Structure formats: structure tokens, C-alpha cells
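Trainee: May we go through this protein together? I would like to understand how its parts are held in place.

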Amino acid sequence: MTDNPETYLDEVTAEGSERRLQVVRAGSRYFGIPTDEISTIVVWREPTPLPYAPQSVLGVVSIEGRMLTVMDLAKLTAGQADVTHAEARVNAERGGHVIALRGDEQLALAVDEVGEMIPFREADSVIQQQEIRTTIVVGVFQRDEMEINILNLKELFPTAIQGRERRRRRF
């Protein structure tokens, strides 16, 4: 961590074919987010709720001058459907983080814990079994007896809105 209490994210670039994943925990599962897709990581701040939003959308929050839609990663992923909205908010308030993602969709993820950044090559230890894969999780990376679900960030928004329409920022 850096001295800046507001945001922290090591500026590490991938070399060659190796990428780096930021490991996070949401609910009881661990996820890997490609570091080049992360704008910043901040300590938890309560999002302003949106009317008629899906349960996986916690609300909006301003981070570094951008208004981002905060989604509950535990709710979006398989195996966490039984987590209620109130439980997710309580878990996040106890020390969670908000991960601001890059891109036009202006999204952020609410997670319970931020772990280490790890090197990753797509050929390394990815379990490609069909029953594990979903639209959001494209594979599982084994590391130190921990299963890290690799996220497909392009599918977060379509999964969260489930057929509902939302405006996108256009330039």
C-alpha cells in the first residue's frame, strides 16, 4: 500500500505474454481481475442507491471525479445468489473496497478484501471445465491451494442489467 489513504494500486505493467491479476475476495470466493483493466482501488464508501436497480447493483459512487455504478461481485457470480443485498452491504462496510474499472461502461466492483497481485499466463493451471465456466468466470487458476476465478469483465454489465437498458458514456 502507498501513503495515499484514498487510493492505492501498484503501477506494475505486464511484460511479454505474462499478465498480472489482482486477487480479490467477494463472499467466500476469490477472483482475479487483470490489473490493466483496473483504474484504481479505494476503501469502501457507501454508494447512493439507484431506483429500480437490479439487486446486484448497489448504487453509484464518485471516484476520482467519475461517477461509477457499483456492482456487488458476490451477487453477480455463481454460488453467491443466496447473499442478500443487506448482507453484502454489511460485509462491505466491515472493511471492503471498491474497484474502479477502466472503460466506457463506468463500472466498479464491491469486494470484501483485496489481496496480492500475481503473475499469470493463460496457459498456467487454468481449469477449463465447462461446469466451472460461466459468462462472468472464464476459468479457474490454481495457486497455493486457492482457486482464483478469472473474471471476464466484458460480461459484467450485461449480466448485471439482465436485459435492462442503461445509458453509456459516449465520446
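Trainee: To begin, how many salt bridges does the structure hold?

Mentor: Please keep in mind that this is a predicted model. The structure holds four salt bridges. In general, side chains of opposite charge can pair when their charged atoms come close.

Trainee: Which side chain does R19 meet in a salt bridge?

Mentor: The partner of R19 is D36, with 3.2 Å from N to O. R19 belongs to strand β1 (residues 19-26), whereas D36 sits in the loop between β2 (29-34) and β3 (38-43), so this pair ties together parts that are 17 residues apart in sequence.

Trainee: What about D112? Which residue does its side chain meet in a salt bridge?

Mentor: The side chain of D112 meets that of R25, at 3.6 Å from N to O. This pair links distant parts of the chain, 87 residues apart: D112 is in the loop between β7 (107-111) and β8 (113-120), and R25 is in strand β1.

Trainee: Is D112 buried or exposed?

Mentor: D112 has a relative accessible area of 14%, which is under 20%, and therefore it is buried.

Trainee: Which residues are linked in a network of salt bridges?

Mentor: The network links R25, D112 and E113.

Trainee: Where do R143 and E116 lie, given that they form a pair?

Mentor: R143 lies in strand β10 (residues 137-143) and E116 in strand β8, so the pair ties together parts 27 residues apart in sequence. Their side chains meet in a salt bridge of 3.0 Å, N to O. R143 is partly exposed, with a relative accessible area of 25%, and E116 counts as partly exposed at 45%.

Trainee: What does L109 touch?

Mentor: Leaving aside residues up to four places away in sequence, L109 touches I33, V70, M71, L73, H97, V98, I99, L101, L151 and L156.

Trainee: Now the whole chain, please. How many helices and strands are there?

Mentor: The protein has three helices and 11 strands. Along the sequence they follow the pattern β-β-β-β-β-α-α-β-β-β-β-β-β-α.

Trainee: And how much of the protein counts as buried?

Mentor: Of its 171 residues, 44% count as buried. The accessible surface comes to about 9,700 Å², and carbon and sulfur atoms account for 46% of that surface.

Trainee: Finally, what share of the contacts joins residues at least 24 apart?

Mentor: The share is 59%, taken among contacts between residues at least 6 apart in sequence.

Notes
Residues are numbered from 1 along each chain as its sequence is written. This is a predicted model: local features need pLDDT of at least 70, side-chain atom pairs count only at pLDDT 80 or more; totals for chains, interfaces and linings use all residues. Side-chain values use heavy atoms; hydrogens and water are left out. Helices (H or I, at least four residues) and strands (E, at least two) are DSSP runs, numbered from the N terminus. Buried means under 20% relative accessible area, exposed over 50%, partly exposed in between (1.4 Å probe, protein chains only). Contact means heavy atoms within 4.5 Å. Accessible areas come from the Shrake-Rupley method with a 1.4 Å probe; for residues, only the protein chains shown count as cover.
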